Number of protein chains: 2
Amino acid sequence: MSSVISSHSLGKQLSGWQSGDGGHGGAATRLSAAIAQRVLDGQIPLHTRLPSERDLAGELRVSRTTIASAYARLREQGFLASKQGAGSWTTMPDRSNGAVGPLVPGIVGDDGTLDMGCAAPGATASAVIDAYTAAAAALPAELLRAGAHADHGYHPYGLGVLRAALAERFTARGVPTSVEQILVTIGGQGAISLLAHVLVHERDMVLIEQPSYPNAADALRRTRARLVGVPVTSQGWDDTFAEALAQSRPKLAYVIPEFQNPTGALMTAAEREHLVRAARAAGTLVIADESLVDLPLDGQEMPPPVAAFDVDGRVITVGSLSKSFWGGMRIGWIRATPRLIRDLASARSSIDMGTPVVDQLAAIHVLGRAEELVAVRRAELRRGRDTLEASLREHLPQRQWTRPTGGLSLWVTLDRPLSTALTDAAGRQGVHLAAGPRFGLDGTLERFLRLPFTLHEADLRECVLRLAAANRELDERGTHWRAPSSVVA
Amino acid sequence: MSSVISSHSLGKQLSGWQSGDGGHGGAATRLSAAIAQRVLDGQIPLHTRLPSERDLAGELRVSRTTIASAYARLREQGFLASKQGAGSWTTMPDRSNGAVGPLVPGIVGDDGTLDMGCAAPGATASAVIDAYTAAAAALPAELLRAGAHADHGYHPYGLGVLRAALAERFTARGVPTSVEQILVTIGGQGAISLLAHVLVHERDMVLIEQPSYPNAADALRRTRARLVGVPVTSQGWDDTFAEALAQSRPKLAYVIPEFQNPTGALMTAAEREHLVRAARAAGTLVIADESLVDLPLDGQEMPPPVAAFDVDGRVITVGSLSKSFWGGMRIGWIRATPRLIRDLASARSSIDMGTPVVDQLAAIHVLGRAEELVAVRRAELRRGRDTLEASLREHLPQRQWTRPTGGLSLWVTLDRPLSTALTDAAGRQGVHLAAGPRFGLDGTLERFLRLPFTLHEADLRECVLRLAAANRELDERGTHWRAPSSVVA
């Protein structure tokens, strides 16, 4: 279960942790922060045995007391577990509010740390409360529907009414859809994870955008697929994706066509048509993750769904209420052929047995008010985008980005390939970030940083100030580029 | 993706389908029902290509029209898909209410079919409504708790308040438990599936009771573990389990200590102690699935939890509100070491990102009223058990069983090893059953049948009448025992 990292490799991973003015706290504090950051980013995998205090002290040329004190701090924070005779290995901290990992929100601590690691909007409390109050009210009728045979509550496909509402939405968007083509899942992540489980087998080749949403890559990696990254930028997909399809003829391709996470790119209608045609020629299934489709911010007309170009059932659409409404509902869905939907429902009996009933009733309520609720969300996000952009221009003028026309974040180009170092320094300044390499497959992307604009405006401004301080720290230290470490987790 | 079944093998699987008085409907109807039953039971795996009409007609010595008409009926019911040139393959029907498979409820059709395939109690409507009304009322405070940093709703560990309530319950049962030892899951199935994913790797050996809960076996099988069945009967575990641990030293053992599903056996305190000691000697982790622990029906004192005998963190406890309250909440949990809990929470970010928030709030309400609600459930189940037993004694006196002291079902011994044939005949009489072999690993257990007493009393009586009619059908046909087919799904 454990792997081991040598003091030499760890020293290399940590290069630059100590130089500079010392920031907040002494050497041990900075060392423990640097290690914690790499655990959070998956650069040091969980359960990696760290070198002995003596070895690491030798490698980093610090006293053994510094290492002992850094390890003690990591243990205290939950990043390290130690056992007499067995050494110390990395672990994931159990935050009081239950958050974990770099792309799950809630790292915001009592210490005032701000979380820019995760791009997820908070709940609009009144709307959430309305939805669940309506769901509780709808429950008697729902239970009654089961009639004399009381409802056991297991619905592997999802409730018929919700499936019908989702099918209608697709139909209204120009993709005629029957109820049999819809499966309700545990959020968008549940959809991707279930699809990976059913469709992908060991050594199957899967194409994924590079950069992309790391939790999707993780779900695909769990099936021991071979992931092949295809570059995408804020400018979009160009022809590389279709060429990669033609060349490698993968089993599956995973794309985020709307406000691609993290680049923000929006796939044009022509690119969609091209993608589907190339997938058909290659015999590839396409998962189009529409999680962000409700979030155009410039009033623009959206291109047709990728599924609109499908002629033979090879496009699988994943959707979710998490980004346009609230992640705490855990409502997602899959649109596919009735046959695949049946297979997915069958597979669920050994995974989760279905989505909770009341959240589905709440989702029906939310879909009924979707226009109004999404309008509120868009207005919030527009304000967040404006605030973040203005603050960055003021305090970090050397950063560049293409203004995204929707979604939840900016994909910022740094002036130096120092995303991990900047993320470390930002952590010391009280901002949690996910470094660029977390969005890639091979530890590259050190020149990029994803900055979500989902926080409150005052927090966004404060984040940028702290980021500027972190940047000054790097400048003062004269931190240089170092070979990026690969993402192993 | 597809396997093929020869007409000879299929003919063997279907032996006896046609003999007897014909029951309801002609040869094609009976043939399609027999095939559908085997698909539902996993005896014919999904995506198995069935023989051509001509071949099967030859094998079964019926007209090709009969086969064509049986296949057409299966297609209509969703058990078969066909494509010009590619033949016909088995699929799982998409029931209007979303049910699938033999152990997921809801097979009850508009045609009056009664479902005894699944042992899950229906919702107590008023209690469910109360719980979710309370949850909706608790939501503002919960959202407020996130303060200025709005709640994103992702809680991979579960809400702190629910974890605390669950930890307290364990502590009150004599197993001191901290919040860090609890993870909230998507029902008990989500717990088992997540544990299998994190703990079991390809070719690991996993011990499982035989018979056992099929969906747990499926979850373990998905990891490509080697499952080894250890016999358990209504009389309990005897020494075989400990011996098997000593001999095979498996990675993991999965047990249901309370009212074991399906045998109903209750593990004594001495057996628990013995089990944990043997597991420690063998270096084996034990999953104790406590799904039915709240359901003693004879007012007896319950033995301590298996975890009470644990000295070194090798017992992992799985619990759920599905059986004592309602499956539609999808609330389950895992109690384990803080380190394992952290690993499980990390793994969730690529699986489901956590359990929905409002269901967790509803669960807190339910736990607060647990005594009262469970008392109602027990009284219902006692009445169900009495009714089922009385009906069986009256109409099927040749059946035997040991009265279970708790749980949801009887494990009935048939007078002949004809569980699958009886299940087929019962299907024609309008009762859906899961045949004995579905609870085993190797197609044996043809002499057993699980009969849940979770239905309403009138339905239970009707089920037994239909079962008696099915039994008469077998008698009249003089159906003989046939070699059990193996369970491949």
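Are helix 9 of chain A and helix 10 of chain A roughly parallel or roughly antiparallel to each other?

Author: This is a predicted model, in which local features need pLDDT of at least 70 and side-chain atom pairs count only at pLDDT 80 or more, while totals for chains, interfaces and linings use all residues. Residues are numbered from 1 along each chain as its sequence is written, chains are lettered from A and ligands numbered from 1 in the order in which they are written, and side-chain values use heavy atoms, with hydrogens and water left out.

Helix 9 of chain A and helix 10 of chain A are roughly parallel to each other, a term for angles under 35 degrees, as against over 145 for roughly antiparallel, 65 to 115 for roughly perpendicular and oblique for the rest. The axes of helix 9 (residues 240-248) and helix 10 (residues 269-282) of chain A cross at roughly 5° and come within 8 Å. Such axes are lines fitted to C-alpha atoms, for helices over the stretch in contact, and angles between N-to-C directions run from 0 to 180 degrees. Helices (H or I, at least four residues) and strands (E, at least two) are DSSP runs, numbered from the N terminus.

From helix 9 of chain A, A:Phe241, A:Ala242 and A:Leu245 meet A:His274, A:Leu275, A:Ala278, A:Ala279 and A:Ala282 of helix 10 of chain A; contact means heavy atoms within 4.5 Å. By class, this contact of helix 9 with helix 10 of chain A has 7 nonpolar, 1 polar and no charged residues. Nonpolar covers Ala, Val, Leu, Ile, Met, Phe, Trp, Tyr, Cys and Pro, charged covers Asp, Glu, Lys and Arg, and the others, Gly among them, are polar.

Chain A also has an open sheet of 7 strands with mixed pairing, in the order 6-12-11-10-9-7-8; two strands pair if DSSP finds at least two bridges between them. Strand 6 (182-186) and strand 8 (226-231) of chain A stand at the edges with a single partner strand each, so one side of each has no neighbour in the sheet. From one strand to the next, the twist averages 20°. Strand 10 (residues 285-289) and strand 11 (residues 315-320) of chain A run parallel and are joined by 4 bridges, and A:Ile287 stands opposite A:Ile316 in strand 11 of chain A. Helix 6 (residues 160-172) of chain A packs on the sheet, where it touches strand 6, strand 11 and strand 12 (331-335) of chain A.
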